[in-house]
Structure formats: structure tokens, C-alpha cells
Amino acid sequence: MHVDFEKLRMSGAGKAIAVLTSGGDAQGMNAAVRAVTRMGIYVGAKVYLIYEGYQGLVDGGDHIKLANWQSVTNIIQLGGTIIGSARCKAFTTREGRLSAAFHLVQRGITNLCVCGGDGSLTGANIFRSEWSDLLSELVRQGRITDSLAQQYTHLNIVGLVGSIDNDFCGTDMTIGADSALHRIMEVIDAITTTAQSHQRTFVLEVMGRHCGYLAVVSALASGADWLFIPEAPPEDGWEDHMCARLGESRSKGSRLNIVIIAEGAIDKHGQPISSNYVKDLVVQRLGYDTRVTVLGHVQRGGTPSAFDRVLVSIMLLCIRVARLIVKRLRP
Ligand code: ATP
């Protein structure tokens, strides 16, 4: 379908959009902030940056700042998020969301882009569904005028799934997952060289909460000997099978074993399988020199991959174009 970029350029005139990053940080969040800001300015809207996630929205004041094109210069390559992220208890309460609504409507912001994980987007959806009630309450409390409430009847939300876990249904890749995989692979490759020298077994624990995506892909890409993920708890007796497999690999000449374990790994009875339990098992049954490496926050750190940088930039263009097309198709 042909896109009229001149029309796109004018489509946000007179509107205001704000962007925040929330929950655990992920590489690519800065690219998201940049893309929202630049696309917002391109379409003629006012763009606000909200600092410290939902906490900034609840607190208002200096936490909500008008942005210009230069505000997001030179950040696409940075990990983390320059506008900060937080877990905010206040936003889970109606009182907190009332304050958030007040700070948005004060500035005429009726478009909110939230880059975060499952919790952040659940919060955004609740906020959107309560919006008109919240405005009515602000009118009753005399904090805003009735005409202001009439002017800003809808809150449009765009959720960008920023999470290294790749755990959001309906989304092929979440923002940050590809960069986290790169980081994991660097560590596994580094560990493989030292494991080989000393004929060691390494048990590597990767993040992902209840999702095994990072573990599965890193195991495939590294040729690991064994893998634990929450989605496929091993059958009872897995200890025997795993040790047999590791032993077989060594007897055929391999000088190392790599076991990848997702942080949310469980057995058939829902009991967590810990990396230390796996390590002790290998030591006791096979007598191999075995080490545990919990990758932790290294996976969230560092620069975003080219894929994550481009993913968010394309997403923003797609969302804007889709809105334009929907408008055009409406009778
Ligand atoms: P990650 O996947 O990295 O943990 P997340 O977005 O899932 O990111 P959470 O800590 O679950 O991280 O949520 C971030 C914030 O979103 C919370 O601190 C809270 O302010 C808001 N939030 C989460 N759940 C809700 C909810 N049910 N109602 C309102 N706000 C919520």
C-alpha cells in the first residue's frame, strides 16, 4: 500500500505524546525512546519524556520534560535507558493512577508509549481502561475543569515490549532479547575455551523468568549437552539420563560439558531445579570438575544489537503508518 509521507508528517499536529520505560531495563530501550521522540516530532506532535517509569508519571513536575530532536541524540547505541526505569508501587493503586492521569491531562497528553515487560503493559492497559473514570474523579475533586475532561476523553496507549525474556505472546521478538542472546553467547564461547583446557563441566544459568527462550536458543547455538527450561520439565529420573549423556560425551573424546539452565527451570512436580543442585549431582555421580556460572545482569547490560536498534525504529514507523491506514479505511 502506498504511504503518503506528507500526510504522515501532519498527522500528529496539535497532539501530545509521552514515552516512558518501565520494569527491568533491556537493551534497545534507548532506541525506543529515540524512535518515539523523533517520529512524534516528525508528525508534528509535542513529545514528552517521562523519567523513572511510572514513578515519574505519578510524581509529575520535573519528571515529565518536553523533548526536542536533540534530546535523544547519540543514544541509539547505549544500553539501559537514559530516562530511567523503576518498579513503582504507587501506580498499582488507584490513587497513584489518579495522580498520573492528572499530570498527563495537565499537559494535554493523551498518547502514551510504554516500553516495558508484562507488568508494565498490564498497568498501561488498566490505566487506559480507567481513564474516563479517573478524569471524572479529577473533575469531582475540582482538580481539573469539566471542559478539560471533555477535551481529553481518550487515552491512546502503545506498548513496546521491552524485555530480554522474549516472554510476550503475540510478539516474535521482544526488545532486548536479541542483545541478551549475543551477550550470553559471548560468555558461553569464552567459558568453552577455559572448560576445554581443564576438562570441566560448566552449568550456566541464564535469565528468562518463566520463559525458556534464551536458554533454548543459547543451547542450540552453543551445542550444549543438556538443557533445562520451565516449559518442558524433565521426566522423573532425569538425573540418570543427564549423567549418562554427559559421560557418553566425554567417553567419545569431548573435553568439556555445557549444561544450560533457565532461571525458571522446574521438574515434573513443579519444584525448581537449581544450578547448584545440577552441579552437585555431576560432581557426586561423575566426579567431574564442575563450575556454576550465573550470568545475571550481564545479560541486560552492554550495547544493543543492530537487530534491537532497528526493531524498535521500524515498529514505530509501522504503528504510525497503521494508524494512518486505519483512519483512511474508517467510513
Ligand atoms: P520485567 O519483565 O523486566 O520484569 P515488567 O514490566 O514485567 O518488566 P514489573 O515489575 O512487573 O516489570 O512491572 C513494572 C511496573 O509496572 C510496576 O512497578 C508497576 O508500577 C506497574 N504494574 C505492574 N503490574 C501492574 C498492575 N497490575 N496494575 C498497575 N500497574 C502495574
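Two residues are in contact when they have heavy atoms within 4.5 Å of each other. Keep that in mind as we look around this predicted model.

Let's start with I258. Setting aside neighbours within four places in sequence, I258 is in contact with I191, T192, F202, L204, A224, D225 and W226. I258 also belongs to the largest nonpolar core, which has 47 residues. Along with V36, L160, L204, V206, L214 and I260, I258 touches the most other members of that core. There's a second, separate core too: it has 32 residues, including I64, A124, I144 and V161. In soluble globular proteins, nonpolar side chains tend to be buried together.

Now for strand 1, residues 16-21. Strand 1 runs parallel to strand 2 (residues 46-50), and four bridges join them. Across from A18 you'll find Y48 in strand 2.

Last stop: a pair of helices. Helix 9 and helix 10 pack at an angle of about 65 degrees, with their axes 11 Å apart, and their crossing is right-handed. Here is who takes part:

| Helix | Residues in the contact |
|---|---|
| Helix 9 (residues 238-251) | W238, E239, D240, M242, C243, L246, G247 |
| Helix 10 (residues 275-286) | Y277, V278, L281, V282, R285, L286 |

Sorted by class, this contact has nine nonpolar, one polar and three charged residues.

Conventions:
Residues are numbered from 1 along each chain as its sequence is written. This is a predicted model: local features need pLDDT of at least 70, side-chain atom pairs count only at pLDDT 80 or more; totals for chains, interfaces and linings use all residues. Side-chain values use heavy atoms; hydrogens and water are left out. A nonpolar core is a set of buried Ala, Val, Leu, Ile, Met, Phe, Trp, Tyr and Cys residues joined through side-chain atoms within 4.5 Å. Buried means under 20% relative accessible area, exposed over 50%, partly exposed in between (1.4 Å probe, protein chains only). Axes are lines fitted to C-alpha atoms, for helices over the stretch in contact, and angles run from 0 to 180 degrees between N-to-C directions. Helices (H or I, at least four residues) and strands (E, at least two) are DSSP runs, numbered from the N terminus. A crossing is left-handed if the near helix is turned anticlockwise from the far one by less than a right angle, and right-handed if clockwise. Ala, Val, Leu, Ile, Met, Phe, Trp, Tyr, Cys and Pro count as nonpolar, Asp, Glu, Lys and Arg as charged, and the others, Gly among them, as polar. Two strands pair if DSSP finds at least two bridges between them.
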